[in-house]
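Please consult the sequence and the structure shown here alongside the text.

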Amino acid sequence: MVINLSRKTNRNKLTDPEKTAMINKSNLLLKDDFIIYLRSLQRSEGTIVGYENDLLIFFTYIMDNLDNKDFKDITKRDTNPNNSNTDY
(Lines give C-alpha, C1' and ligand atoms only; values in the text may rest on other atoms or scores of the structure.)
Protein backbone atom coordinates (compact mmCIF):
# COMPACT_ATOMS: atom_id res chain seq x y z
CA MET A 1 0.00 0.00 0.00
CA VAL A 2 1.37 3.40 -1.07
CA ILE A 3 0.33 6.55 0.77
CA ASN A 4 0.62 9.82 -1.11
CA LEU A 5 1.72 12.57 1.29
CA SER A 6 2.33 15.27 -1.29
CA ARG A 7 0.67 18.61 -0.73
CA LYS A 8 -1.92 19.98 -3.07
CA THR A 9 -1.66 23.61 -4.10
CA ASN A 10 -4.85 25.62 -3.92
CA ARG A 11 -4.83 28.33 -6.55
CA ASN A 12 -7.08 31.33 -6.28
CA LYS A 13 -8.27 32.87 -9.51
CA LEU A 14 -7.63 36.52 -8.68
CA THR A 15 -7.34 37.81 -12.21
CA ASP A 16 -8.40 36.90 -15.73
CA PRO A 17 -8.07 38.40 -19.22
CA GLU A 18 -11.32 40.38 -18.84
CA LYS A 19 -10.12 42.02 -15.62
CA THR A 20 -6.65 42.58 -17.04
CA ALA A 21 -8.19 44.51 -19.95
CA MET A 22 -9.74 46.95 -17.45
CA ILE A 23 -6.51 47.69 -15.54
CA ASN A 24 -5.20 51.26 -15.78
CA LYS A 25 -3.15 51.42 -19.00
CA SER A 26 -0.33 53.25 -17.25
CA ASN A 27 0.01 50.37 -14.80
CA LEU A 28 0.08 47.82 -17.62
CA LEU A 29 2.82 49.81 -19.37
CA LEU A 30 4.79 49.85 -16.12
CA LYS A 31 4.42 46.05 -15.88
CA ASP A 32 5.55 45.62 -19.47
CA ASP A 33 8.58 47.86 -18.91
CA PHE A 34 9.55 45.84 -15.83
CA ILE A 35 9.24 42.56 -17.76
CA ILE A 36 11.52 43.98 -20.49
CA TYR A 37 13.98 45.00 -17.77
CA LEU A 38 13.96 41.47 -16.28
CA ARG A 39 14.60 39.99 -19.72
CA SER A 40 17.53 42.40 -20.21
CA LEU A 41 19.01 40.95 -17.02
CA GLN A 42 18.51 37.46 -18.49
CA ARG A 43 16.27 36.30 -15.66
CA SER A 44 14.74 32.86 -16.08
CA GLU A 45 11.39 32.59 -17.82
CA GLY A 46 9.92 31.13 -14.61
CA THR A 47 11.02 34.21 -12.66
CA ILE A 48 9.57 36.52 -15.30
CA VAL A 49 6.24 34.66 -15.38
CA GLY A 50 6.08 34.77 -11.57
CA TYR A 51 6.67 38.52 -11.46
CA GLU A 52 4.16 39.12 -14.24
CA ASN A 53 1.48 37.10 -12.44
CA ASP A 54 2.16 38.89 -9.16
CA LEU A 55 1.99 42.30 -10.80
CA LEU A 56 -1.31 41.44 -12.51
CA ILE A 57 -2.74 40.36 -9.14
CA PHE A 58 -1.53 43.60 -7.53
CA PHE A 59 -2.86 45.79 -10.34
CA THR A 60 -6.18 43.91 -10.21
CA TYR A 61 -6.31 44.67 -6.48
CA ILE A 62 -5.71 48.35 -7.30
CA MET A 63 -8.47 48.27 -9.90
CA ASP A 64 -10.97 46.55 -7.58
CA ASN A 65 -10.17 48.42 -4.37
CA LEU A 66 -8.40 51.69 -5.16
CA ASP A 67 -10.42 53.03 -8.11
CA ASN A 68 -7.85 51.79 -10.63
CA LYS A 69 -5.36 54.37 -9.37
CA ASP A 70 -2.12 54.97 -11.20
CA PHE A 71 0.69 53.13 -9.39
CA LYS A 72 2.70 56.32 -8.91
CA ASP A 73 -0.22 57.83 -6.95
CA ILE A 74 -0.57 54.96 -4.47
CA THR A 75 0.41 55.70 -0.90
CA LYS A 76 1.34 53.45 1.98
CA ARG A 77 -2.04 54.25 3.53
CA ASP A 78 -3.79 52.90 0.41
CA THR A 79 -2.28 49.45 0.92
CA ASN A 80 -3.01 49.18 4.65
CA PRO A 81 -5.38 46.21 5.05
CA ASN A 82 -7.11 47.97 7.96
CA ASN A 83 -8.31 50.71 5.59
CA SER A 84 -10.27 48.55 3.17
CA ASN A 85 -12.73 45.71 2.77
CA THR A 86 -11.09 43.25 0.41
CA ASP A 87 -11.07 39.58 -0.44
CA TYR A 88 -7.31 39.57 -1.07
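Predicted model: local features only at pLDDT ≥ 70, side-chain atom pairs only at ≥ 80, totals over all residues.

A polar atom of the Asn27 side chain lies 3.0 Å from the backbone oxygen of Lys69.

Leaving aside residues up to four places away in sequence, Asn27 touches Phe59, Ile62, Lys69, Asp70 and Phe71.

## Aromatic pairs

Five aromatic pairs are present in the structure. One of them joins Phe58 and Phe59: the ring centres are 5.8 Å apart and the planes meet at 50°, so the pair counts as tilted. Phe58 is partly exposed, since its relative accessibility is 28%.

Phe58 also pairs with Phe71, in this case edge-to-face, with 6.1 Å from centre to centre and 75° between the planes. Phe58 is located in helix 3 (residues 45–65) and Phe71 in the segment after helix 3, so this pair ties together parts that are 13 residues apart in sequence.

## A ring cluster

Elsewhere in the list of aromatic residues, Phe34, Tyr37 and Tyr51 are linked into a cluster by ring pairs.

Note on methods
Residues numbered from 1 in each chain as written. Heavy atoms only, no water. Phe/Tyr/Trp six-rings, centres within 6.5 Å; stacked < 30°, edge-to-face > 60°. Buried < 20%, exposed > 50% of the residue type's maximum accessible area, 1.4 Å probe, protein only. Helix = DSSP H or I, 4+ residues; strand = E, 2+ residues; numbered from the N terminus. Polar contact = N/O pair within 3.5 Å; in protein donor to acceptor, adjacent residues only side chain to side chain. Contact = heavy atoms within 4.5 Å.
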